[in-house]
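Here's a quick tour of a protein chain for anyone meeting it for the first time. Have a look at the structure, then read on.

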Amino acid sequence: MADEHHETFESADAGASSTYPMQCSALRKNGHVVIKGRPCKIVDMSTSKTGKHGHAKVHIVALDIFTGKKLEDLSPSTHNMDVPNVTRKEYQLLDITDDDFLSLMDENGNTKDDVKVPDGETGEKIIRMYREEEKDCNVVVLTSMGEEVAIECKEAPK
């Protein structure tokens, strides 16, 4: 009889949500917002007053923080929009694997090997500083909604 209430849990996270709601009128330029399911950084906002019985509308122009793609949204200022929880963390670069994954270490000595060298300028800078200039590098990793990307590389302080 005791087995009938046995539950299995597929996930063991702390229950922290990847987003939280915020009223459109409280969003700010350079803040973050979720548009079409993507975490974005707001680059431009404008509020339009509407007619006699309508609500003010907020027009948001934002860039996807992972792909750089431009997304737009129009929403009543009184409505809630999701805001992604975005974390920035700096890691020491230990190595770059042959298949272009970064081997990173945080300040507690934990290693992380699942961040790929990003495309474009940042990725080129990481590879140049590490392989060609043979410098000690720190890489800043941005994490949001289950995705991660290296966004910055700088020389580690001696």
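## The overall layout

Starting at the N terminus, the order goes β-β-β-β-β-β-β-β-β-α-β-β.

A word on the background: this is a predicted model, where local features need pLDDT of at least 70 and side-chain atom pairs count only at pLDDT 80 or more, while totals for chains, interfaces and linings use all residues. Residues are numbered from 1 along each chain as its sequence is written, and side-chain values use heavy atoms, with hydrogens and water left out.

How much of the chain is buried? Of its 158 residues, 30% count as buried, meaning under 20% relative accessible area, with exposed being over 50% and partly exposed in between (1.4 Å probe, protein chains only).

Thr 19 sits in strand S1 (residues 19-23). Thr 19 counts as buried because its relative accessibility is 18%. Leaving aside residues up to four places away in sequence, Thr 19 touches Val 34, Asp 82, Val 83, Pro 84, Asn 85 and Met 145.

Now try Asp 99, in the loop between strand S7 (86-96) and strand S8 (101-105). With 49% relative accessibility, Asp 99 counts as partly exposed.

Note on methods
Helix = DSSP H or I, 4+ residues; strand = E, 2+ residues; numbered from the N terminus. Contact = heavy atoms within 4.5 Å.
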